[in-house]
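Colleague: I have a few questions about this model before I start working with it. Could you show it to me and talk me through it?

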Amino acid sequence: MRPTSQRAGRLESLYGLALRLYPGPFRKQFAPAMRQAFRDALRDPFLCHRALIPLVIRDLITSIAKEHLAMVRNTFGRPAMIFNAAILSALSTGLALALYTIPQQVLRLGANDPQIALAGDLVARLEQGVAPADAVSPASVDMARSLSPFVIVYDDQGRPLASQAKLDGTIPVPPAGVFDFVRQNGEERLSWQPVRGREHGVRIAAIIQRVQGVNGSPGGFVLAGRNMREVEARIGQVSQMAGLTWIGMLGVILLGTAVFAWFTRPKAV
Amino acid sequence: MWMYISIMAKGTAPATPLTPAVFAILLSLAEGDKHGYHIMKDARAPQGGGINMGPGTLYGSLDRMMRDGLVEETGTTDDERRRYYRLTRLGQSVLAVELERLHAAVSSARAQGLLPQGGR
């Protein structure tokens, strides 16, 4: 069936409107030629026009989707874009890790400072022969609540001899392996969690030093500790700030890459 | 300072097997320079691949084939401003490789009795 010239004109106009759905660069380059090809098809006396219109509709749907996908790929999927974004993301991840790790270490190591002095002084007094009960002041620190530093003296077997602090009414004892390590190395600095299994278990920044025996006694150990609650809260804040900075940097990289990709996208020939 | 390292994007010739549309376009242009609708007509014919291709598919394929260096515009237009295309040397080579591949497949099918002797 031949379309009348009026109907053919209408179909061509409709096709011209549909061509606006193609991406700009593609449309700019090929729309006149595509319109001409459609016009030629309408004029072709050997072509069944009942079949032409469904074919063209199918072709429009698939090729418009395909060209838009190709445009997105050519704009944002260029290897240079992906490579640059990956490099910048890796750098920002490294920077965010440093932003977290450096203050975290400074805060954590700084949490040991009072205990280092306390343990050293107490060890010196005990090694001068002062009895543990006399060397340790009778102040009572609740390890779970108080942020004050405290000291505990243990005998050579790790049994408590004198303590300034208690947890749930008892004097907690570090694992035996810690004493073995201190016996060999003289000192251990650790984050000690005397209560396990609780949702907010107590964590202690602890220094344990060896006390040499005096007058044939077997010696012992001094533990100086402090609840890390406040330090850990600060570390948590640092972690949040570093995380937000990281997300922000990734967002800026994503946005910057998208804008850069858009302005440097391949143009129509 | 943001330093962008550019990686040159190079058009690479498509590996065979080709898509039906690309094969039909190469086959059509092997006969000589043609404009868009002429290629569509050739592709529709059984001897041209029997591909019912619309203008979107044709020009999308031509766009990619030009970038891959398989075809090029002749630069000539007729009185209705139709644009003409021709095969490049690379396009001729790719078509030859594809025809060899298809010929080998058809010969093998014929040897196994899957095609009648002398059949197309």
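This is a predicted model: local features need pLDDT of at least 70, side-chain atom pairs count only at pLDDT 80 or more; totals for chains, interfaces and linings use all residues.

Colleague: What is the strand order in the open sheet of chain A?

Modeller: The order is 3-2-7-6-5, so written for an open sheet of 5 strands with antiparallel pairing. Strand 3 (160-163) and strand 5 (187-192) of chain A stand at the edges, and because each has a single partner strand, one side of each is left without a neighbour in the sheet. From one strand to the next the twist averages 20°.

Colleague: And which strands pair with strand 6 there?

Modeller: Strand 6 (residues 204-211) of chain A pairs with strand 7 (residues 220-227) of chain A in the antiparallel sense over 8 bridges, and 6 bridges join strand 5 of chain A to strand 6 of chain A, again running antiparallel.

Colleague: Are the residues of strand 6 of chain A buried or exposed?

Modeller: Strand 6 of chain A is mostly covered, with 8 of its 8 residues buried. In a regular strand the side chains alternate between the two faces of the sheet. Here both faces are covered, with Ile204(A), Ala206(A), Ile208(A) and Arg210(A) buried on one side and Ala205(A), Ile207(A), Gln209(A) and Val211(A) buried on the other.

Colleague: Which helix lies across strand 5, strand 6 and strand 7 of chain A?

Modeller: That is helix 7 (residues 176-185) of chain A, which runs at about 155° to strand 5 of chain A.

Colleague: Switching to chain B, how many residues of helix 1 are buried?

Modeller: In helix 1 (residues 20-29) of chain B, 9 of the 10 residues are buried, and the helix is mostly covered. The buried residues are Ala21(B), Val22(B), Phe23(B), Ala24(B), Ile25(B), Leu26(B), Leu27(B), Ser28(B) and Leu29(B). They pack against strand 1 (34-35), helix 2, helix 3, strand 2 (71-77), strand 3 (83-87) and helix 4 (89-111) of chain B.

Colleague: At what angle do helix 1 and helix 2 of chain B pack?

Modeller: Helix 1 of chain B and helix 2 of chain B pack at about 110°, with their axes 9 Å apart, which means that helix 1 of chain B is roughly perpendicular to helix 2 of chain B. Helix 1 of chain B contributes Ala24(B), Ile25(B), Ser28(B) and Leu29(B) to this contact, and helix 2 of chain B contributes Ile39(B), Asp42(B) and Ala43(B). By class, the contact has 5 nonpolar, 1 polar and 1 charged residues.

Colleague: Which residues touch the most other members in the largest nonpolar core?

Modeller: Among the 39 residues of the largest nonpolar core, Ala37(A), Ala24(B), Ile25(B) and Leu26(B) touch the most other members. The elements giving two or more residues to this core are helix 2 (24-43) and helix 3 (49-76) of chain A, together with helix 1, helix 2, helix 3, strand 3 and helix 4 of chain B. Apart from it lies another core, of 33 residues, including Val136(A), Val153(A), Val222(A) and Val231(A).

Colleague: What does Leu26(B) touch, leaving out residues up to four places away in sequence?

Modeller: Leu26(B) touches Leu70(B), Leu87(B), Gly91(B), Val94(B) and Leu95(B).

Colleague: How many residues does each chain put into the contact between chain A and chain B?

Modeller: The contact takes 23 residues from chain A and 21 residues from chain B. On the side of chain B that touches chain A, helix 2 (36-44) and helix 3 (55-67) of chain B are the elements that give two or more residues, and helix 3 of chain B gives the most, with 7 residues. By class, that side of chain B has 9 nonpolar, 7 polar and 5 charged residues.

Colleague: Last one: where is Arg159(A)?

Modeller: Arg159(A) is found in the loop between strand 2 (150-155) and strand 3 of chain A, and Arg159(A) counts as exposed because it has 10 C-beta neighbours inside 10 Å. Its C-alpha atom is separated by 7.4 Å from that of Val173(A), 14 residues apart along the chain.

Methods:
Residues are numbered from 1 along each chain as its sequence is written. Chains are lettered from A and ligands numbered from 1 in the order in which they are written. Two residues are in contact if their C-beta atoms, placed from the backbone, lie within 7 Å. Helices (H or I, at least four residues) and strands (E, at least two) are DSSP runs, numbered from the N terminus. Ala, Val, Leu, Ile, Met, Phe, Trp, Tyr, Cys and Pro count as nonpolar, Asp, Glu, Lys and Arg as charged, and the others, Gly among them, as polar. A residue is buried if 20 or more other C-beta atoms lie within 10 Å of its own, exposed if 12 or fewer, and partly exposed in between; C-beta atoms are placed from the backbone. Two strands pair if DSSP finds at least two bridges between them. Axes are lines fitted to C-alpha atoms, for helices over the stretch in contact, and angles run from 0 to 180 degrees between N-to-C directions. Angles under 35 degrees count as roughly parallel, over 145 as roughly antiparallel, 65 to 115 as roughly perpendicular and the rest as oblique. A nonpolar core is a set of buried Ala, Val, Leu, Ile, Met, Phe, Trp, Tyr and Cys residues joined through C-beta atoms within 7 Å.
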